[in-house]
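Hi everyone, thanks for coming along.

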Amino acid sequence: MTTRLAVIPGDGIGPEVVAEVLPVLDWVRARGRDLAWGLHPWGAERFLATGEILPEAAFGALRDGADGILFGAVGDPRVPDGRHAEGILLRLRRDLELAVNCRPCRPLQEAHLPLKGVAAGQVWIEVFRENTEGPYCLKGTSEPGRATDFAEHTEAAVRRLLEAAFARAAARGCALTVAHKANVLKHGHGLWMRVFEDLRTLHPAVPARGMHADALLCALVQDPRPFGVIAADNYLGDLISDLLAAFQGGMGVAPSLSWAPHRPFRCTALAEPVHGSAPDLAGRDLANPTGMFLSTALLLRHLGWEPEAMALEAAVAAALREGAATPDLGGTLGTRAMGAAIRSRLET
Ligand code: NAD
Ligand code: IPM
Ligand code: MN
């Protein structure tokens, strides 16, 4: 059966970085993969013009008509409450039950890792971020002089995330660290720790421990080398993944893939760079498309196309090694030239 991808470029630099990876999809097809893709232009522009965010029929088409989603970024200063971002990105993560968000940190260049005495090749961390709940359930109240945000954690989602994190640590033979603040968030993170202890008995070979998230951040900057997989709830995972972006050259480089391990719908994955819509760069050919390329590679791997995923990652590594760089990496290439530099290193 044809594998179908839905491409949502989104806002700001989203369409600019997405445009650079579309020829990669053609390359995948030219190698004989049965792949089709279509553009789904949901984002601020559409919302401002029509009031539509993600209509039910459009959500259904993504859920039941695509195998995966390639996503740029959402966020636009003309929509200050970000309601369309909520209705598109957070809704897709939640309603497609994409509980696992993996955000790898594997610095490719020595110069990209700003830590003294640590070599780039010594760092390989993957954040496993729960992607559907916590404070992202978006339940709360605002009243004069008082505001609340509610955080919901369910055993099903926590178990899904931690099972995936344990499995990954076991496969890599690396350590698993679960970031938490169970000393304060007694209910929610208390549940996390109970599920963690339960799974730990099933995976005696994985060196696993819980760690207070504040202490973890300090330890990561002091020496990231002992860390392998870091599991965290939605909120902590968001923060940790941006810290780790700084270890790999910045926001423009960091990739991510979200997936639904229990495969409840046809659409089981969404690939997006860790960065946002960067309104400060939008429309100026300044954005680094590297994170978008690496996210695309993660999606190809998820689809079972390992040779193409590896070739794409190798092309990114070669381009960086040979000096291709956008301004955020100290270079002078624009988004389009950087994209071309990466694609030119893809074997034909
Ligand atoms: P941001 O990631 O857009 O930008 C943070 C900083 O990183 C800025 O200095 C920006 O110039 C830089 N940067 C980001 N992407 C880059 C790239 N590809 N190349 C080079 N530099 C890059 O985060 P922000 O400024 O906090 O948020 C801007 C908007 O994006 C907001 O509306 C926010 O809600 C949204 N956002 C969306 C996503 C997403 O769609 N997944 C993620 C984060 C933020
Ligand atoms: C990310 C972003 C989003 C998040 C925002 C835009 C809602 O920061 O993808 O990391 O917090 O998950
Ligand atoms: Mn974030």
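Predicted model: local features only at pLDDT ≥ 70, side-chain atom pairs only at ≥ 80, totals over all residues.

Let's begin with the whole chain. The protein chain has 11 helices and 12 strands. Its radius of gyration is 20 Å, close to the 20 Å that the globule rule gives for 348 residues, so the chain is as compact as a globular protein of that length. If you draw a box along the principal axes, the C-alpha atoms fill roughly 50 × 50 × 45 Å. Buried residues come to 49% of the 348. And if you take the contacts with a separation of 6 or more, 75% of them are between residues 24 or more positions apart.

Now, the domains. The chain is divided into domain 1, which covers 1-104 + 250-348, and domain 2, which covers 114-247. Their C-alpha centres lie 24 Å apart. The contact between them takes 20 residues from domain 1 and 19 residues from domain 2. So, what on domain 1 does the touching? Helix 4 (83-95) and strand 4 (100-105) are the elements that give two or more residues to that side. Strand 4 gives the most, with 5 residues. By class, that side of domain 1 has 11 nonpolar, 4 polar and 5 charged residues.

Let's stay on strand 4 for a moment, as Arg103 is found there. Is Arg103 buried or exposed? It has 27 C-beta neighbours inside 10 Å, so Arg103 counts as buried. Leaving aside residues up to four places away in sequence, Arg103 touches Val127, Arg129, Ser241, Leu244, Ala254, Ser256 and Val274.

On to the core. The largest nonpolar core has 105 residues, and those with the most contacts inside it are Ile69, Phe128, Leu161, Ala165, Ile230 and Ala231. Helix 5 (residues 155-172) supplies the largest share of this core, 8 residues. The core also draws at least three residues from each of domain 1 and domain 2. Take Ala165 as an example: not counting residues up to four places away in sequence, Ala165 touches Phe128, Leu176, Val229 and Ala231.

Next, the ligands. Ligand 1 is surrounded by 22 residues, and the closest are Gly75, Gly252, His275, Gly276 and Asn288. That shell has 11 nonpolar, 8 polar and 3 charged residues. Around ligand 2 you'll find Gly75, Ala85, Leu90, Asp238, Val274 and Gly276. The shell of ligand 2 divides into 3 nonpolar, 2 polar and 1 charged.

Last, a bit of backbone geometry. Most residues other than glycine have a negative phi. With that in mind, have a look at Glu97, where phi is near 55 degrees, a positive value. Glu97 sits in the loop between helix 4 and strand 4. With 22 C-beta neighbours inside 10 Å, Glu97 counts as buried. Asp285 also has a positive phi, near 55 degrees. Its place is in the loop between strand 12 (269-271) and helix 9 (290-302). Asp285 has 14 C-beta neighbours inside 10 Å and counts as partly exposed.

That's my tour, and I'm happy to go back to any part of it.

Conventions:
Residues numbered from 1 in each chain as written. Chains lettered and ligands numbered in written order. Near = placed C-beta within 6 Å. Nonpolar A, V, L, I, M, F, W, Y, C, P; charged D, E, K, R; others polar. Core = buried A, V, L, I, M, F, W, Y, C linked by C-beta atoms within 7 Å. Buried ≥ 20, exposed ≤ 12 C-beta atoms within 10 Å, placed from the backbone. Helix = DSSP H or I, 4+ residues; strand = E, 2+ residues; numbered from the N terminus. Domains from an automatic or database assignment. Contact = placed C-beta atoms within 7 Å. Rg over C-alpha atoms; globule rule 2.2 N^0.38 Å.
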